[in-house]
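Student: Please walk me through this model, and let me jump between topics as they come up.

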Amino acid sequence: MTVISSEAKRGGTPAHGDFVFNQPRVPSGRRRKHILPGFHLTLGFTLFYLSAIVLVPLLALLLKTVTPNADYPDLSKVVRHVFDVATDLRSLDSYRLSFGLSFVAALINGFFGFIAAWTLIRYKFPGKKIVDALVDLPFAMPTSVAGLALTQIFSKHGGYIGQVLFNWFGWQISYTSWGILIALTFIGFPFVVRTLQPVMATLAAEAEEAAACLGANRWQTFRRVILPAVYPALLTGVMLAFGRAVGEYGSIVFISGNIPYLTEITPHLIIMKLEEYDYVGAAGLGLVMLLMSFFIVAAINLLQHFVIHRRRLA
Amino acid sequence: MRRATADNWLVRYLLIGIVFAFIFIFLVFPVCVILIEALHNGFGFYWDTLCAEHSLTAIRLTLLVALAVVPLNTLFGISAAWAVTHFQFRGKALLISLIEIPLWVSPVIGGLVFALIFGRQGWLGTWLDTHGIQIIFAYPGIVLGTAFVTFPFVARGLIPLMQSQGKAEEEAALTLGANGWQLFWRVTFPKIKWGVLYGMILCNARAMGEFGAVSVLAGSVEDRITVPLQIEQYYLGLDQGMPRAFALASILLFLSVVTLAIKVGLEWRRLAHNIIRTH
């Protein structure tokens with residue numbers, strides 16, 4: 001039986017004779033809410049720094065696309081200009097290139113990342129720890145350095161691989177969209193592997209053994225048992241790689257050649273707009289990229305939510 | 001007989017072969033190429049390039065930027081992790097999502113936003129101009145852009161670490177009469193120091209190698225560019241551009257290899273969580 005006096009309910013000390021049993025302490029006033037010190041200090045600094053470095057600057061970008069200035073004296077003209085820049089043929093080509101190639105690169109990473117994660121989790125082979133460590137290299141290496149190296153490797157003039165491909169097949173990699181694809185594949189690789197590894201490590205061996213007992217061959221087991229279990233993680237990894245590739249600039253600027261309409265990615269176009277002092281146009285393109293990133297993040301979160309929900313049902 | 005969870009040897013060797021080929025072409029080969037190209041004109045040329053006026057100015061600026069950005073973001077990371085993991089408050093999930101924004105946003109946008117505020121046509125441009133304060137194309141602008149791009153690195157590593165450690169020990173220290181500073185330095189910090197180091201190292205590597213944000217904010221003024229931008233300048237230059245660019249790039253390569261070694265060391269000792277994760 002639980003008897004709580006009205007005094008104890010308000011958080012005061014129970015009077016003599018009150019029988020308190022497993023009752024959560026009711027906080028009295030603001031001071032008791034946070035037991036550990038530093039709530040206002042840490043949260044205050046966190047919010048201040050977050051606002052100063054991230055939120056206010058992003059807000060400034062949004063406002064720039066709707067604020068009249070000397071060149072565009074009223075709202076309709078500003079919005080008109082933002083719209084014109086965002087739907088300009090050169091911009092549309094750059095979106096197609098940025099998003100299309102990022103998507104293809106993410107798929108390539110999905111394929112090779114899956115194999116790499118599977119190999120690292122399931123097999124024993126010499127050099128495994130080194131391979132595992134190297135997976136993070138694109139994350140640790142400055143993108144411009146990676147871009148420079150890839151440009152050199154795939155250049156048709158004296159590049160180690162590029163020259164061979166050009167002389168034998170007539171293929172040109174550096175300064176074409178193929179080069180961009182290679183650079184985007186490079187930077188996205190760790191995301192797929194690192195998302196898949198923990199999920200693959202927790203796969204139940206019993207399910208595979210049961211499938212084998214029921215007469216499934218290895219391929220059937222893979223398709224019907226393993227793939228469905230790791231599919232959400234694979235999709236998440238691919239989307240992370242995609243999200244990362246869309247905004248990439250440092251490695252692309254060297255290898256793409258930045259030819260308008262052909263090999264110019266959206267971030268490069270933003271820098272071109274800034275160099276032309278078209279701040280409103282640059283802000284407009286920035287807004288398009290922000291919205292796209294927002295949709296990618298929302299999709300990943302939905303996916304995670306769906307996966308957790310399904311696991312709870314199962 | 002083969003175990004039910006094991007693959008055919010042919011599949012096994014094929015997959016291992018593919019992984020090695022992929023890792024070699026995409027990861028090992030570029031590293032070798034940087035070293036080979038850097039020493040293309042001999043060691044003397046390599047050393048001269050590194051000691052050239054342009055390289056030294058760029059290296060100095062890059063170090064100064066990292067010196068400002070890494071402590072700021074570390075302070076933020078620790079304070080954000082403390083607030084998020086030790087207290088319940090409304091909007092906590094939103095706060096964590098907001099911290100991660102810079103991971104999703106293109107680095108160029110990280111530079112663009114500050115250009116829109118402090119640039120000549122920006123919000124504060126005229127005011128700054130009349131007062132003779134320069135932010136864009138100068139040190140403060142580069143610091144801001146770099147801080148934006150590396151913003152979540154320490155926080156994102158520390159939050160899961162401190163969450164898994166709980167707050168029981170802090171509460172115990174509190175009942176024993178510790179004050180806030182004693183609590184942090186004697187109880188919390190010893191538990192999270194490796195996580196802090198891990199975050200700082202990643203933050204530093206990214207800060208020193210940042211290209212997109214800085215190329216918006218640093219412009220092309222010769223004594224106001226960082227190492228990655230100086231690499232681009234060498235690359236575009238006509239006089240032995242490639243070997244010079246690769247020579248300077250080899251410094252950043254060295255930095256990233258050291259970063260990777262420390263990162264892997266900390267992860268193998270399970271002192272830190274991998275930063276690339278979804279939960």
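**Surface, domains and charged pairs**

Student: How accessible is Val66(A)?

Tutor: Val66(A) has a relative accessible area of 39%, and because that value falls between the 20% and 50% limits, the residue counts as partly exposed. Please keep in mind that this is a predicted model.

Student: Where in chain A does Val66(A) sit?

Tutor: Val66(A) is found in the loop between H2 and H3 of chain A.

Student: And which residues form the nonpolar patch on the surface?

Tutor: The patch consists of Leu59(A), Leu62(A), Leu63(A), Val66(A), Leu75(A) and Val79(A), together with Trp123(B) and Leu124(B), and these residues have about 670 Å² of accessible area together. Helix H2 (39-64) and helix H3 (75-86) of chain A are the elements that each supply two or more of its residues, and H2(A) gives the most, with three residues.

Student: How is chain B divided?

Tutor: Chain B is split into domain 1 (1-38) and domain 2 (43-278), and the contact between them takes five residues from domain 1 and seven residues from domain 2. Their C-alpha centres lie 32 Å apart.

Student: How much area is buried between those two domains of chain B?

Tutor: About 560 Å² is buried between domain 1 and domain 2 of chain B, and carbon and sulfur atoms give 83% of it. On the domain 1 side, Ile34(B), Glu37(B) and Ala38(B) lose the most area to domain 2, together 78% of what that side buries.

Student: What is the salt bridge count between those domains?

Tutor: The count between domain 1 and domain 2 of chain B is zero, although the structure holds 16 salt bridges over all chains.

Student: Ok, which partner does Asp132(A) form a salt bridge with?

Tutor: Asp132(A) pairs with Arg194(A), and the closest N and O atoms are 3.0 Å apart. The pair links distant parts of the chain, since Asp132(A) belongs to helix H5 (residues 128-134) and Arg194(A) to helix H9 (residues 177-201) of chain A, 62 residues apart.

Student: Why is Arg194(A) counted as buried?

Tutor: Arg194(A) has 9% relative accessibility, which is under the 20% limit, so it counts as buried. Asp132(A), at 21%, is above that limit and therefore counts as partly exposed.

Student: What about Asp136(A), and why does its pair with Lys263(B) join two chains?

Tutor: Asp136(A) forms a salt bridge with Lys263(B), with the closest N and O atoms 2.8 Å apart. Asp136(A) lies in the loop between H5 and helix H6 (137-140) of chain A, whereas Lys263(B) lies in helix H14 (residues 241-268) of chain B, so the pair joins two chains. Asp136(A) and Lys263(B) are both buried.

Student: Which residues are linked in a network of salt bridges?

Tutor: The network links Arg122(A), Glu208(A), Arg218(A) and Asp7(B).

Key. Residues numbered from 1 in each chain as written. Chains lettered and ligands numbered in written order. Predicted model: local features only at pLDDT ≥ 70, side-chain atom pairs only at ≥ 80, totals over all residues. Heavy atoms only, no water. Patch = residues over 30% accessible without salt bridge, like charges linked within 9 Å, V, L, I, M, F, W, Y side chains within 5 Å. Areas by Shrake-Rupley, 256 points an atom, 1.4 Å probe, with all protein chains shown as cover. Salt bridge = Lys/Arg side-chain N within 4 Å of Asp/Glu carboxyl O. Helix = DSSP H or I, 4+ residues; strand = E, 2+ residues; numbered from the N terminus. Buried < 20%, exposed > 50% of the residue type's maximum accessible area, 1.4 Å probe, protein only. Domains from an automatic or database assignment. Contact = heavy atoms within 4.5 Å. Buried area = accessible area lost by both parts, 1.4 Å probe.
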